[in-house]
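These are my notebook entries on one structure.

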Amino acid sequence: MTDHDLILETAKALIAIPSETPPSDTRAVADEAARILAAIPDVEVTRHVRREPVHNLVAVLRGGRPGRRIVLSGHLDTYPAGDEARWESPPYAPEARDGRLFGRGSADMKGGIAAAIAVLSALAGRRDWPGEVVLALAGDEESMGRDGTLFLLETVPALRGDACIVVDAGSPAVIRFGEKGMVWLTLQAEGRAAHGAHVHRGVNAAELVVEAVRRLLALRDLPVALPAEVARAIAAARDVSERFGGQGEAETLSRLTVNLGRVAAGTSTNLVPERAEAGLDIRLPPGTTTEAVIAAARSAIADLPRVTLSVDVAWEPTVTPPDHPLFEALACAAEAVLGRRPVLNLRVGGSDARLFRLFGIPTAVFGPTPHGMGGADEHVELAELFAVADALEAAVRALLAA
């Protein structure tokens, strides 16, 4: 069993150090994590930086003989705290009360990192197991991970494991085996400025963008050939998973979604705007590709000559087959601790898990339920966080022994 006091104290120490994205300045929190890891016998800690101020850590613990390599993954950066006046207690003064731990990052995901560190500590106590366990702590997950986990996978061989568990926010009742891909698009329209009373002399860029957006929102209706094993898992998980992901999660996971996230045009109500811009976030399930979605988007606005489309982000959907032994090990360990067997499902949001899968590494997401994530009074239930750590340790031991 993991050291629950260590989990609480580690989580508090990490939460107390701001590491917001932007700017992904994880120097100070990486220092603290390295200090905590250095206290664990025989753990080797290295720091990796592609771009300042994004600092990443890799910790390696070797067992008594050769064997498998299991990777645990977490991210040191958090969402901004926002208006601190909205918090009941300051976001960077972590507080445990009423069985919960409050503070920015408590759920997403410094609590999960503390659980993973406790697993390393428990394994270091008696190294009669084969193989090695690697903990990767990235500095920029909230901004797509290019200078964090992607950089580590490209440059640090220790991250190329036989399996990976990302201890990110979710729910211990739902193990995530894959996630939707994403395409972020920017539309820009060039019109011709004029006075609002003389519309015949102008070309309204805002109206051009509105028409382009209308057409791209229709991409929601593109057919998707969802793989049979993924469709079965979504259906089987619906009742449990929607308690945490919200009613309608199963339908959202199964189709392409388009969110209009940003629109900007004009400087005055009585002027014809010369320029306009919009940003859209498209999430695509397994069964389609970013190439197909981008092609459909370009085709939809091809006859709007004053509108241009640029692709800002393009990540493919990623899946580890639900019958992989990784999920059986996790499910059995979680059932023993929680008293109920978790279900398997896709993840609605993105995570660094997609990067491990893109490198061919079987990957699961398994972590505590977030409360107030991204908003005020973020917190995690301590009993659940401790249970996640205990299940994680048992799963890692089973995977090493397999």
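I looked up Glu-378 and found that it forms a salt bridge with Arg-104, the closest N and O atoms being 2.5 Å apart. I take a salt bridge to be a side-chain nitrogen of Lys or Arg within 4 Å of a carboxyl oxygen of Asp or Glu. Glu-378 lies in the loop between strand 17 (363–365) and strand 18 (379–381) and Arg-104 in the loop between strand 5 (100–102) and helix 3, so the pair ties together parts that are 274 residues apart in sequence. I note that helices (H or I, at least four residues) and strands (E, at least two) are DSSP runs, numbered from the N terminus. Both Glu-378 and Arg-104 are buried; I use buried for under 20% relative accessible area, exposed for over 50%, and partly exposed for in between (1.4 Å probe, protein chains only).

I record that this is a predicted model, in which local features need pLDDT of at least 70 and side-chain atom pairs count only at pLDDT 80 or more, while totals for chains, interfaces and linings use all residues. Residues are numbered from 1 along each chain as its sequence is written, and side-chain values use heavy atoms, with hydrogens and water left out.

**Further salt bridges**

Arg-127 is partly exposed at 33% relative accessibility.

I then looked up Arg-50 and Glu-154, whose side chains meet in a salt bridge of 3.2 Å, N to O. Arg-50 sits in the loop between strand 1 and strand 2 (56–62), and Glu-154 in helix 4 (residues 149–155), 104 residues away. Arg-50 is partly exposed at 40%, and Glu-154 is partly exposed at 44%. I also noted a salt-bridge network that links Glu-44, Arg-62, Arg-69 and Glu-132.

**Backbone geometry**

Which peptide bond involving Pro-22 is cis? I found that it is the bond from Pro-22 to Pro-23, with omega near 10 degrees. Pro-23 belongs to the loop between helix 1 (4–15) and helix 2. In that loop I also found Ser-24, with a positive phi near 60 degrees; Ser-24 is buried at a relative accessible area of 3%.

The bond from Asp-108 to Met-109 is cis, with omega near -10 degrees, and Met-109 lies in the loop between strand 5 and helix 3. Asp-42 has a positive phi near 70 degrees and is partly exposed at 49% relative accessibility.

**Largest pocket**

I noted a volume of about 580 Å³ for the largest pocket. Of its 26 lining residues, the closest to the centre are Tyr-79, Arg-347, Gly-349, Gly-350 and Met-373. On a 1 Å grid over the protein atoms alone, a pocket is an open set of points where a 1.4 Å probe fits, with protein on both sides within 12 Å along at least five of seven lines, and lining residues have an atom within 4 Å of a point. Strand 9 (181–190) and helix 6 (228–245) each supply at least two lining residues.

**Leu-338**

I placed Leu-338 in helix 9 (residues 325–338). Leaving out residues up to four places away in sequence, Leu-338 touches Pro-172 and Ala-387, where contact means heavy atoms within 4.5 Å.

How values were computed: Grid points are joined across faces, edges and corners, and a volume is the space filled by probe spheres set on the points.
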